[in-house]
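Subject: Structure handover

Hi,

Here is the structure I promised to pass on. Could you load it next to this email and read along?

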Amino acid sequence: KFGFDSHNHQSSDLLSTLSGLSLFVGLKGDHDSDFHLPHHQLWVYPSAESVGQSLDDLPNTLEEALKSMKPSDFRPVFIASPSGKDRSWKTHSPNRSTLEIIAFVPWRWFEAFAVGNRGGPPGSHGPKYEEAKEKLGQLVWTRARQVLMDGGSKNLPESLSEVDTYAIGTPLTFSHYLWSEQGSFYGSAINMHRFSPRVFYELMRPDVGPAVPRGLYIT
């Protein structure tokens, strides 16, 4: 069983962790002189109270999220700039800057679009999915842009349609490329159940058992 609820499980359950929206943005311009982008990564919450909150109290469905969510409702939002971390970037990619943004969202929003037990290949989810992905991506960009501009960045486009290039991923994207349950990209849930004897010593032991050839280990 996989999900966000760590209470409703049987003794053999091992829960998955978070999934989210990924937004990769390419900008024409220098990382420092044109945009003043940070060289460090950011974890952004709307308030101190929201740090301990789970994703269970976000809108229950994708339709509700598209109608009601504001950019500041996403929590947390991770913001980093690969172009700012690479000391050789300006040599091999002059006048180009990049941003990586991740906003955590629940799998349940996209489950109806999944192909089989996984996310399905790109282009297999239909126009409704693509439209929703674009709308959520713009909300995430609005949030990230606000945070960056408040922190001293400048000249960042207001709309994704104005950037040089961008790509949006959803929990289905993580599920497809990582082959993970419910798009989880942070491994198994960190809770006390994970360290119970049956889970820790049977389900999570390195030797995967007779179903797999001897000598093959999980690391």
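Below is what turned up, going from the whole chain down to single residues.

First, the ground rules. This is a predicted model, so to speak of a local feature I need pLDDT of at least 70, side-chain atom pairs count only at pLDDT 80 or more, and totals for chains, interfaces and linings use all residues. Residues are numbered from 1 along each chain as its sequence is written, and side-chain values use heavy atoms, with hydrogens and water left out.

**Overall**

The protein has six helices and five strands (DSSP runs numbered from the N terminus: H or I of at least four residues for helices, E of at least two for strands). Starting at the N terminus, the order is β-β-α-β-α-α-β-α-β-α-α. Of the 219 residues, 42% are buried (under 20% relative accessible area; exposed is over 50%, partly exposed is in between, with a 1.4 Å probe and protein chains only). Among contacts (heavy atoms within 4.5 Å) with a separation of 6 or more, 73% link residues 24 or more positions apart. Accessible surface comes to about 12300 Å², and carbon and sulfur atoms hold 54% of that (Shrake-Rupley with a 1.4 Å probe; for residues, only the protein chains shown count as cover).

**The core**

The largest nonpolar core has 44 residues, and the members touching the most others are Phe-74, Ile-79, Trp-109, Phe-110 and Trp-141. Such a core is a set of buried Ala, Val, Leu, Ile, Met, Phe, Trp, Tyr and Cys residues joined through side-chain atoms within 4.5 Å. Two or more residues each come from β1 (19-28), β2 (42-44), α1 (62-68), β3 (77-80), β4 (96-105), α4 and α5 (171-178). The largest share, nine residues, is from α4.

Leu-23 and Val-140 are 117 residues apart along the chain, yet their C-alpha atoms are separated by 7.8 Å.

**Ser-153 and Lys-154**

Ser-153 belongs to the loop between α4 (127-150) and β5 (165-169), and Lys-154 is in the loop between α4 and β5 too. Which of them is buried and which partly exposed? Ser-153 is buried, with a relative accessible area of 6%, while Lys-154 is partly exposed at 33%.

A polar atom of the Ser-153 side chain lies 3.0 Å from the backbone oxygen of His-36. Beyond residues up to four places away in sequence, Ser-153 touches Phe-35, His-36, Leu-37, Pro-38 and Leu-148. On that basis, Lys-154 touches Ser-33, Asp-34, Phe-35, His-36 and Met-149. Lys-154 and Asp-32 are 9.8 Å apart in space, C-alpha to C-alpha, and 122 residues apart in sequence.

**On the surface**

Trp-43, Tyr-45, Val-51 and Tyr-186 make a nonpolar surface patch with about 410 Å² of accessible area together. Patches take residues with over 30% relative accessible area and no salt bridge, joining like charges within 9 Å and nonpolar side chains (Val, Leu, Ile, Met, Phe, Trp, Tyr) within 5 Å; a salt bridge is a side-chain nitrogen of Lys or Arg within 4 Å of a carboxyl oxygen of Asp or Glu. Tyr-186 is in the loop between α5 and α6 (197-203) and is partly exposed, at 48%.

Cheers

How values were computed:
A polar contact is a pair of N or O atoms within 3.5 Å; within protein, one must be able to donate a hydrogen and the other to accept it, and residues adjacent in sequence count only if both atoms are side-chain atoms.
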